[in-house]
Amino acid sequence: TWAWEEGDHIPDTHTLQLPEDLKPGAFRLVVGVYGRQDGARLPIYDGAKQRVPDDAVILTELNLPGGAE
């Protein structure tokens with residue numbers, strides 16, 4: 001990460017396992033960044049150099065529909 005520059009896009013693929021009994025609804029997929037040495041969440045700033053609430057970035061919002069009833 002020391003070589004990253006502002007505007008860099010770093011692909012980092014993960015698989016998210018959802019529980020089979022997950023109820024339908026709206027969900028947010030959120031990411032934070034943590035320090036390697038102490039595990040503390042690192043501050044995140046937006047393009048205007050304002051600190052982002054909860055130091056987390058919303059990647060996407062999902063709406064999981066219900067199954068047949």
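In the predicted model, aspartate 54 is placed in the loop that runs between strand 1 and strand 2. The phi angle of aspartate 54 is positive, at about 60°, although the residue is not a glycine. Aspartate 54 counts as exposed, because its relative accessibility is 65% and the cut-off for exposed is over 50%. Lysine 49 is likewise found in the loop between strand 1 (25-31) and strand 2 (57-64). Lysine 49 is not a glycine either, yet its phi is positive at about 65°. With a relative accessible area of 62%, lysine 49 is exposed.

Two salt bridges were counted in the model. In general, side chains of opposite charge can pair when their charged atoms come close. One of the salt bridges joins arginine 28 to glutamate 61, with 3.5 Å between the closest N and O atoms. Arginine 28 belongs to strand 1 and glutamate 61 to strand 2, so this pair ties together parts that are 33 residues apart in sequence. Both partners lie at the surface by the accessibility criterion: arginine 28 is exposed, with a relative accessible area of 56%, and glutamate 61 is exposed at 53%. A salt bridge also links the side chains of arginine 51 and aspartate 55, where the N to O distance is 2.7 Å. Aspartate 55 has a relative accessible area of 10% and is therefore buried, since the cut-off for buried is under 20%.

A nonpolar patch was found on the surface, formed by Leu16, Leu18, Leu22, Phe27, Leu29, Val31, Val57, Leu59 and Leu62. Together these residues have about 710 Å² of accessible area. Strand 1 and strand 2 are the elements that give two or more residues to the nonpolar patch. Valine 31, one of the patch residues, lies in strand 1. The relative accessible area of valine 31 is 33%, so this residue is classed as partly exposed.

Rolling a probe the size of a water molecule over the atoms shows where empty space is left. The largest pocket holds about 1,200 Å³ of space. It is lined by 23 residues, of which Trp4, Ile10, Val31, Val33 and Val57 are the closest to its centre. Strand 1 and strand 2 each supply at least two residues of the pocket lining. Strand 1 provides the largest share of this lining, three residues. Sorted by class, the lining consists of 13 nonpolar, six polar and four charged residues.

Glutamate 6 is exposed, with a relative accessible area of 77%. The C-alpha atoms of glutamate 6 and aspartate 38 are 24 Å apart in space, while the two residues are 32 residues apart in sequence.

How values were computed:
Residues numbered from 1 in each chain as written. Predicted model: local features only at pLDDT ≥ 70, side-chain atom pairs only at ≥ 80, totals over all residues. Heavy atoms only, no water. Helix = DSSP H or I, 4+ residues; strand = E, 2+ residues; numbered from the N terminus. Buried < 20%, exposed > 50% of the residue type's maximum accessible area, 1.4 Å probe, protein only. Patch = residues over 30% accessible without salt bridge, like charges linked within 9 Å, V, L, I, M, F, W, Y side chains within 5 Å. Areas by Shrake-Rupley, 256 points an atom, 1.4 Å probe, with all protein chains shown as cover. Salt bridge = Lys/Arg side-chain N within 4 Å of Asp/Glu carboxyl O. 1 Å grid on protein atoms, 1.4 Å probe; cavity = no way out; pocket = protein on both sides within 12 Å on 5 of 7 lines; lining within 4 Å. Points joined across faces, edges and corners; volume = space filled by probe spheres on them. Nonpolar A, V, L, I, M, F, W, Y, C, P; charged D, E, K, R; others polar.
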